[in-house]
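Me: Hi! I'd like to go through this structure with you, one bit at a time. Could you keep it plain?

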Amino acid sequence: MGNATYWIEKLNLQAHPEGGFFAESYRADLTLSASALPASYSGERAASTAIYFLITEAAFSALHKVSSDEGWHYYTGNSPIYLTIISPVGELTAVVLGPDAESGQQFQYVVPAEHWFAAEVRGSEDGQEGFALVGCTVAPGFDFDDFKLGKRADLIDSFPQHQQLVERLTRS
């Protein structure tokens, strides 16, 4: 299976601004014109994009949102991934991605557009630092113009009922 370092090197993953490590693995040749997209998009977008994404206990994915739906697909690791999602009206959803269907883990989950979300691993049963490798697919395709990293104070103002969670899953 390899460890986090193995996959970072094997897939040539780079640090991501939200935390974790990524490499784009697919960008559709088909592009959608700006006029075919909602006004929230600043220009044309690839129809779809995909990345490899790896997180560790130390390198979690901080609360952020994107303008498109984002599909998460669990591949491998020594820990499940815990997704925490906050809807625009403050509803909280918790999803566990991983290979253990008997304990309620899922292989895939789609985070709706414009929902704040974070991803983390919480250790492993083998005593090693927990990590997980997933794929993330975005349609319309990902562009950093559509990405917003959460600011702790702003998120606490918007969602005071989730203050402890926001404090744990943001970096500033």
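Me: Which ring does the charged end of R122 sit over?

Reply: The charged end of R122 sits over the ring of Y82, 3.9 Å from the ring centre. That label requires CZ of Arg or NZ of Lys to be within 6 Å of the ring centre and within 35 degrees of the ring normal. Before we go on: this is a predicted model, where local features need pLDDT of at least 70, side-chain atom pairs count only at pLDDT 80 or more, and totals for chains, interfaces and linings use all residues. Residues are numbered from 1 along each chain as its sequence is written, and side-chain values use heavy atoms, leaving out hydrogens and water.

Me: Good to know. And what does R171 sit over?

Reply: The charged end of R171 sits over the ring of F60, 4.0 Å from its centre.

Me: Back to R122. Which residue does it form a salt bridge with?

Reply: R122 forms one with E120, and the closest N and O atoms are 3.3 Å apart. A salt bridge here is a side-chain nitrogen of Lys or Arg within 4 Å of a carboxyl oxygen of Asp or Glu.

Me: Is E120 buried or exposed?

Reply: E120 is buried, at a relative accessible area of 9%, while R122 is partly exposed at 47%. Buried means under 20% relative accessible area, exposed over 50%, and partly exposed in between, with a 1.4 Å probe and protein chains only.

Me: Where is E120, and what does it touch?

Reply: E120 belongs to strand β11, residues 116-120. Strands (E, at least two residues) and helices (H or I, at least four) are DSSP runs numbered from the N terminus. Leaving aside residues up to four places away in sequence, E120 touches I55, F60, P80, I81, Y82, T84, R168 and L169; contact means heavy atoms within 4.5 Å.

Me: How many salt bridges are there?

Reply: The count is six. One of them joins R45 and D143, with the closest N and O atoms 4.0 Å apart. That pair links distant parts of the chain, 98 residues apart: R45 is in strand β4 (residues 45-46), and D143 is in the loop between β12 (131-139) and β13 (147-149). R45 is buried at 5% relative accessibility, and D143 is partly exposed at 27%. R45, D143 and D146 are linked in a network of salt bridges.

Me: What about K65?

Reply: K65 forms a salt bridge with E114, the closest N and O atoms lying 3.5 Å apart. K65 is in strand β6 (residues 61-66) and E114 in the loop between β10 and β11, 49 residues apart.

Me: New topic: how many aromatic pairs does a search find?

Reply: Seven. Rings of Phe, Tyr and Trp (its six-membered ring) pair if their centres lie within 6.5 Å; planes under 30 degrees apart are stacked, over 60 edge-to-face, and the rest tilted. F53 and W72 have ring centres 5.8 Å apart and planes at 90°, so they are edge-to-face.

Me: And W72 with F117?

Reply: Those ring centres are 6.1 Å apart with planes at 85°, so this pair is edge-to-face. W72 lies in strand β7 and F117 in strand β11, so the pair ties together parts 45 residues apart in sequence. W72 and F117 are buried, and F53, W72 and F117 form one aromatic cluster.

Me: Last one: what order do the strands take in the open sheet?

Reply: The six strands run β1-β2-β5-β12-β7-β10, with antiparallel pairing. The edge strands are β1 (14-15) and β10 (108-111), each pairing on one side only. Strands pair if DSSP finds at least two bridges between them.
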